[in-house]
Amino acid sequence: MRTTLRGSRVLRAALLAGAGLCIAGVAQAAEPLVKACAKDGQFVIGFSQANNAEPYRQHVNDELTAAAKEVPGFTLQIADGAGNVNTQTSQVDNFITQKVDVLLISPFEAAPLTPAVKRAMDAGIPVIELDRKTVGDPGKDYTAFIGGDNFKIAEEAGKFTATKLLPDGGEAAVLEGLPSSTPAVERLNGFKEGVKANSKIQIVAEQAADWVPDKAQTAFAAMLQAHPDIKVLYASNDMMAAGALLAAKGAGKDVKIIGTDGLPGPAGGIEAVAKGDWAATFTYPTGAKEAIEMSKKILLDCATSVDATVTVDTTAITSENAKQLAGK
Amino acid sequence: MSAPLLSVTGAVKRFGGVQALRGVDFDLKAGEIHALLGENGAGKSTLMNLLSGVYTPDEGEIHIDGKSVTFNNPREAQAAGIATIFQELDLVPSLDVAANLFLGRELMRQGAVLDVPAMRREAKRRLEAIDLAIDPARLVADLSIGQRQVVAIVKALSYASRVLIMDEPTAALTVGEVERLFEIMRKLAASGVGIIYISHRLEEVPEIADRVTVMRDGRVAGITEPHAPQAELVRLLVGRPLDELYPERARSAGKPLLTLRDASFRLVRESAGWQPPTGVSLEVREGEIVGLAGIMGAGRTELLSALYGTGLAGRWQGEVAVDGKPVRLDSINAARKAGIAFVTDDRRGSGLMLRMAVGLNLVMSVIRRISPAGLMSPRRQAEAVARSFGQFDIRPKNPDIAVGALSGGNQQKVVLAKEILGNPRLLLLDEPTRGVDVGAKGEIYARLRALAAQGLGILVASSEMPELIGLCDRIVVLRQGRNVAEFNGGVDEHTVLAAANGREA
Amino acid sequence: MSDQKISVAANPAVPATAAPRHRVDPLAIVVRFQSLIGLVLVAIGGVIFSPRRHGEILFLNPDNIANIVRAVSETGIIAIGMTFVIITAGIDLSVGAVLGLSSVVTASMMISGGFGLIPTILAVLVMGIVFGVVQGTISSRFRLEPFIVTLAGLQAARGLALIVSGNQYINISYGDGPGLAPPVFAVLGERLFDNTVPVATIVFIIFAAIATLLLNTTRFGRYVYAVGGNDRAARISGVPVSMVRISVYAITGFASALAGIVHAGQFNFGSANDGMGYELTAIAAVVIGGTSLFGGAGSMVGTVAGTIMLGALANILQLNNITPATQLLATAAIIVLAAVLQSLVRRREGLGR
């Protein structure tokens, strides 16, 4: 615990080294990760969620619940850390007391939850971290990390802009999330990187709207005043994209909007693309299916090791596939 | 013979371990004004609360027109025609008269908008029906207490018109206002309303009542006609003949304790209605009880609180000396250092921690003494409490119950005992027997006299003239903040009153 | 207040018969010990409804009990301070924010300031006291409602925390040298005695013990009850009312700072958002503990029991995989029940509302 590594840096290093799916470490012991593993056993999986109040996290809960239901022997328990590291720590401790068979966790903050994760590992419970990491290395300090790559998702959006939306070039703008947060920075940089594929595209404005729609609306309205020729807006999440759409409608402009996250439901990005309001949104994968798959490997198949880092690819949701996905 | 309008038979009510009513029979005829007398804790209020639906009786029955009724809440009692006017009038001062009369029963236009003109018209009609010309648009806050009382009566009669229960309606009224109220009561009675009239003022009874019921210890002590001699009423109230309410006077006084010579209290900021002491000269000697007489606003309370440093901000000019040495009495601390203790006239508001135990209240003024090095000593505390219980007959004899649950008389004993514990040399008393029943009064007087005999000097302000005359060695009369006359105890009441009002006797 | 009973019969000057036993209202006893009774009931419920593993009752597992008391130690420390304030009929809404400020200052002093452990802790505690003294003085001097003053204090503390932290989380890393905190500070997140007793809980218990003694056995404690019972009466009796008022806010400030230090040590970081909403949890624990918001009555033991009870309740609900929604509803029901019980007793004693 000498220093704090931001998870993304590790991730990007790994990405540079290999492909979308990569292996960062392999356990040597031939013993299964969980000794009580059995093909037809009954298992409890505890999921310590950071904060149910965020729509994205609720979406993760829904997907996990659905995925766990597919496995007859699995019972999923979800505890809501409510955005409070003390609450989340105590919930992890409670899962340890209960001796859950696998612990899934999206830590609200990295350093504060690190000791709780260590206690779980010490108690012999495999820990799979979803979307956010604690301090340390996957495969060593915790069993595995499953998550998306913010940089890469935004880069996809950038490439999509460069090749599909503005092949002949033009002006584009970016709405950033909360300025100091890691995902905000990664998504901003990723998009810029992707757009570089087409040198005729200019990014004329980038502003922070702190992930929320009302600030996005205000910010984008101001951008349109200053730059009436903006053709594409990249919003770093769906909520800001929704706000930007209101601003564009208000200004009477037809701007192609790209969201991020690809949340389902009537207020989500998939629906907005299906209705033709937005040009596209790029899913931020929850990793729910992958987490349950990994749990099956550990608990049912008696795996002796699993992939330490699993990066889940984004799906581009465009007019081509949105209707089909929305109807699902 | 027809059944009485209202009757109660065998009413019993307990509160925790306390039996407030022990089988009470009571009845009220239509058109009758029935006085209900009793000391504090005799059960008057409990009986009244049974009739107005605040409590339900544990045993016994209530009949109206001979039919048994049960009230689960005040609304049901009102529906049966019983209206109650409590001492704390249920009027909203910041609303006008009409709004108060229709509070909760507002007249509406098109079912949504307040019909203010209609309410004012109707209010005016009702007020005039009892000969009261109050503008319904005036704020209740701007009315005199007497006018408020009448508004409360009109309001009560507007939703319940057969029985009117009035709890000490004259307590805060001037003589003229009392007369007016009595007229209204007689008029209502003549129209067939039965009135239960609760009061402490024995002298009012013959004037207004048709019949008198006296309660004591949760029972009916007797029912008499209103012109029974006062001594008879007092015997029923107290349970024993009242041969001597006031103790013997002291024979000699010691050396001067408090000396004021041409002393004035200069306020930092003038305040309307606060009459500062102005050029007061008086003396209180060891072992002496000195009374402060004067009409309302003469500055009695102000003199005491300025001496104790609880009044408005200001400072003394002229000679103020304790034990012959000049002192600066500008704060509570200074007064206490000089050996002065003070008992407020507002014991519930500023004398006691009502929800805290009797014992904790008693030691409040001696906390420093019973907490050496800042740590409370349970032994010293128990000793102090035991001393108080030894000096004053506080009932119940249990230091662990909340002081708020005690009767007014016992609360007053606690306030006194608390200050006595601090071993003061001079005791300032403001209305020491306000709201205290006759029995406890006699006991408090005896106690004060005994303390004086041990050398304590006492300066007591009171609006009850007989109390000053009976208790004090000397009476100083204040008018507009200055002393205008001085009499020996036992002086004729009219003489003192004349001096207080600035007339020749 | 059970230890404040006064026995008249203890003095030989007064005959023992002078103190006849009065029938004690059973409801009053229930209220006096309501939080302890509640704690016992929750514990019994915990045992009954606890999941079992190989016959072992998980709820009673020593690790689980340690989890419960660790989770409540921060709010518990704050609730202890809050008890003093509420007994004086005051309220302090700034506690959670002061916790956040303290954890940020703790982290930044050690990480970017390069201060040692002792100077950091002392400075943060003094800062908490000063914060409380300022609030108490403003409220007392200008006769403002403590609700308003501490509401402003809440905003001020969060604002200061954002400034100090530069709107960033400050991670605490350990070691020797610049930018690193003394490793001994991390002990706050550990468990002693064969890895069983959380250090945070030990801090909570020691603080609770000191506070109990302060409230029940000292002159100051008696003054606190007196000021809440009737401040005018207290003033007339010579109690330094303003000093007492200011002191209780100094105590909540100290408690919040202590909780902030514990927070930083347990979680190895400081954030301006730490302790969000703790003021309400603490007030709930105090009220469940039988302390009246009207002032003048309350007990420290009750607060501690109330705090642990809320923690145990959350624990048993999670062990049974019951949703947080249910947990909130259960807490709401308990708060209302506690308040209703107190009100019933007041009415029975004839004290009105």
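Which strands and which helix do the buried residues of helix 17 of chain B pack against?

Reply: First, some ground rules. This is a predicted model, in which local features need pLDDT of at least 70, side-chain atom pairs count only at pLDDT 80 or more, and totals for chains, interfaces and linings use all residues. Residues are numbered from 1 along each chain as its sequence is written, and chains are lettered from A and ligands numbered from 1 in the order in which they are written.

Now the helix. Helix 17 of chain B covers residues 493-501. Helices here are DSSP runs of H or I with at least four residues, strands are runs of E with at least two, and both are numbered from the N terminus.

Start with the buried residues. They are V496(B), A499(B) and A500(B). A residue is buried if 20 or more other C-beta atoms lie within 10 Å of its own, exposed if 12 or fewer, and partly exposed in between, with C-beta atoms placed from the backbone.

Your question is about their partners. The buried residues of helix 17 of chain B pack against helix 16 (465-471) of chain B. They also pack against three strands of chain B: strand 15 (289-293), strand 21 (474-479) and strand 22 (482-488). Contact means that the C-beta atoms of two residues, placed from the backbone, lie within 7 Å.

Turn to the other side of helix 17 of chain B. There, H494(B) and N501(B) are exposed. After the helix comes G502(B). Its phi is positive, near 75°.

Where does this belong in the chain? The domain assignment gives chain B domain 1 (6-238), domain 2 (254-339 + 425-435 + 457-505) and domain 3 (347-423). Such bounds come from an automatic or database domain assignment. The C-alpha centres of domain 2 and domain 3 of chain B lie 26 Å apart.

Last, the neighbouring chains. Among the 2 pairs of chains that touch, chains B and C have the most contacts. Chain A and chain B share no contact, and their closest C-alpha atoms lie 37 Å apart. Chain A does meet chain C: 22 residues of chain A are in contact with 26 residues of chain C.
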